[in-house]
Amino acid sequence: MLKKLMISAAVSTLMVSGAMAQANPPAAKADAAPVDAAKFLSSQSTDQWVFSKFKGTDVLGPDNAQVGNVNDLLFDKNGKILGLIVGVGGFLGIGEKSVAIDMSAFQAVPADTGSTTGAGGGGAAMSSNNDPTATKLKVSWTKDQLKNAPDFQYFKPPSRTTSGAGGSPTTGMAPRPMSPAGDR
């Protein structure tokens, strides 16, 4: 009987301490490291762009004809933007070639620059004029020149397989040795 009483008291203590820990949130605000306001940005200005709007943006050639569109962004570990990955050629992504272009090669132009889509697209062009962040990008190369540019290769980590070590093809780890039946 005493054993049951001690066990129930211990269980009750554990449950109450857990409930008390949840009921009293820590006053971490006073103990937290100070927030450096210089590391936070509060808003976007008219001369700044966000990548979510840049992805898929038309890239125009010197004659304002579309030569590709923005597929990706390349930046280093310090956050410096090195360039944009532009998809050139192909149809619906099939046969498309990725070309990395340095940021200095782009010129931002108004969104209504380039080929028009006809009467149905007029309303969209009018509304985009009110948004200074709605842009297209222009480069000095033609579509054919970009098709002949070097392909951009995404980094592929080396495979984890080992040669001659007898590793597992899925994990790279050696299989466990089988113990003889008598050791069990």
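Mentor: Welcome! Two strands pair if DSSP finds at least two bridges between them, and strands are DSSP runs (E, at least two residues), numbered from the N terminus. This is a predicted model, where local features need pLDDT of at least 70 and side-chain atom pairs count only at pLDDT 80 or more, while totals for chains, interfaces and linings use all residues. Residues are numbered from 1 along each chain as its sequence is written, and side-chain values use heavy atoms, leaving out hydrogens and water.

Trainee: What makes strand E1 (residues 58-60) and E2 a pair?

Mentor: Three bridges join them, antiparallel, and the rule asks for at least two. Within this pair, Val59 stands opposite Gly68 in E2.

Trainee: Why are E4 and strand E5 (107-110) called edge strands?

Mentor: The open sheet has six strands in the order E4-E3-E2-E1-E6-E5, with mixed pairing. E4 and E5 each pair on one side only.

Trainee: How do you know that strand E3 (residues 81-88) is mostly covered?

Mentor: Buried means under 20% relative accessible area, and six of the eight residues of E3 are buried.

Trainee: Why is Tyr154 called partly exposed?

Mentor: Its relative accessible area is 43%. Exposed starts over 50%, and partly exposed lies between that and buried (1.4 Å probe, protein chains only), so Tyr154 is partly exposed.

Trainee: How many aromatic pairs are there?

Mentor: Rings of Phe, Tyr and Trp (its six-membered ring) pair if their centres lie within 6.5 Å; planes under 30 degrees apart count as stacked, over 60 as edge-to-face and the rest as tilted. The count is one aromatic pair. The ring centres of Phe152 and Tyr154 are 5.1 Å apart with planes at 80°, so this pair is edge-to-face.

Technical notes: Helix = DSSP H or I, 4+ residues; strand = E, 2+ residues; numbered from the N terminus.
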